[in-house]
Amino acid sequence: MNIVYTGKNDPRTFKEVASETIARLVEKDPDVIYLDADVMSCIGTLGWAKTHTDRAINCGIAESNMVGIACGLSAAGFKPIVHSFGPFVSRRVFDQVFLSGGYAKNDITIIGSDPGVVAAFNGGTHMPFEDLAMYRAIPGATVFDIADPNMLESVLEQAVNLPGVKYIRTPRKLAATIYEKGETLPVGKAIPLREGTDAVIFASGIMVHEAMQAAAQLEAEGVSVSVVNVFTIKPIDAETILKSCEGKKAVLVTENHNKFGGLYSAVCEVIAGKVSANVGCVAVNDSFGEVGSVGYLQERFGLTAASIVKTLKELL
């Protein structure tokens, strides 16, 4: 696995990668079909969709109906990819996803864009801190929290051929490069990004960058910290998580999500009764979203490298 993290932003935005990858998958596989809830321009698929009207369907601002259509297409042998903003393909459509997707055993790939604080000025109504918890509750679902554009490309390419409900939680704009372009990230595996002896940080989504920044600062202060990217929240990689905890004095989980039901809960379910280290989290603490810039919101909810450093020092 080639880790190329330097802290600098990837030249490609998430939405550019999403659009390019979806277009490529549709061209390659006649069974792949794309559905959107009238936000194609926001994810970069609008131009392509206008010239592929038989393979790209704008379902309008009717997300529950869109999921129903996608599940029907799956039952007919297609491989649907659906997209809308995170809250609208999680809490708004949960019954349809749970029953028509999960319960009916239909294969559907769902992209929820701009989750958590990256919803920024769209505000609290568009800022899901609960979507991972909801999707983790669906039996047989596969749930991802995307950290960089190259990861999004790899996950999308694999997800369309996986069975059941797949939820891909991703930002739309820029983020630091972590993985080399073209790298295949194995679904269901957590990926160690750096080694340390004193503590381990498990991170997902935009918080992987913050975790790497925090680990570098702590190393400069004489504290050795591992960082592990748990990008597949379900199924969780218990083996890597437990191995990464061996010999550590502290375990910290950080995510752009409510601490209830997301990555923190998933990791705690794995390590409960098996790890003697102090365990803590840097995550949203039982709050609703707000309007503001991403930088402001990260400070507001404590989703920063500084918060990770402070919390980890307290754990140690």
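In the predicted model, helix 4 (residues 63-75) and helix 5 (residues 94-103) pack with their axes 9 Å apart and at an angle of about 5°. Because angles under 35 degrees count as roughly parallel, helix 4 is described as roughly parallel to helix 5. The contact brings Ser64, Val67 and Cys71 of helix 4 against Gln96, Val97, Ser100 and Gly101 of helix 5. By class, the residues of this contact comprise three nonpolar and four polar ones, with no charged residue.

Helix 9 contributes Ala238, Ile241, Leu242 and Cys245 to the contact, and helix 10 contributes Val267, Val270 and Ile271. The contact of helix 9 with helix 10 has seven nonpolar residues and neither polar nor charged ones, whereas four polar residues are found in the contact of helix 4 with helix 5.

Tyr135 is located in helix 6, which spans residues 131-136. With a relative accessible area of 1%, Tyr135 falls under the 20% limit and is therefore classed as buried. When residues up to four places away in sequence are not counted, Tyr135 touches Val89, Ser90, Val93, Val97, Ile110, Ala141, Val143, Val165 and Tyr167. One of these residues, Val97, also takes part in the contact between helix 4 and helix 5, on the side of helix 5. Tyr135 and Asp95 are separated by 40 residues in sequence, and their C-alpha atoms are 11 Å apart in space.

The structure holds six aromatic pairs, among them the pair of Tyr135 and Tyr167, which is stacked, with 4.0 Å centre to centre and 5° between the planes. Since Tyr135 lies in helix 6 and Tyr167 in strand 6 (residues 165-170), this pair ties together parts of the chain that are 32 residues apart in sequence. Both partners of the pair, Tyr135 and Tyr167, are buried.

An aromatic ring is also involved in an arrangement with a charged side chain, in which the charged end of Arg300 sits over the ring of Phe301, at 4.6 Å from the centre of that ring.

Definitions and conventions
Residues numbered from 1 in each chain as written. Predicted model: local features only at pLDDT ≥ 70, side-chain atom pairs only at ≥ 80, totals over all residues. Heavy atoms only, no water. Axes fitted to C-alpha atoms, helices over the stretch in contact; angles between N-to-C directions. Helix = DSSP H or I, 4+ residues; strand = E, 2+ residues; numbered from the N terminus. Parallel < 35°, antiparallel > 145°, perpendicular 65-115°, else oblique. Contact = heavy atoms within 4.5 Å. Nonpolar A, V, L, I, M, F, W, Y, C, P; charged D, E, K, R; others polar. Buried < 20%, exposed > 50% of the residue type's maximum accessible area, 1.4 Å probe, protein only. Phe/Tyr/Trp six-rings, centres within 6.5 Å; stacked < 30°, edge-to-face > 60°. Lys NZ or Arg CZ within 6 Å of the ring centre and 35° of its normal.
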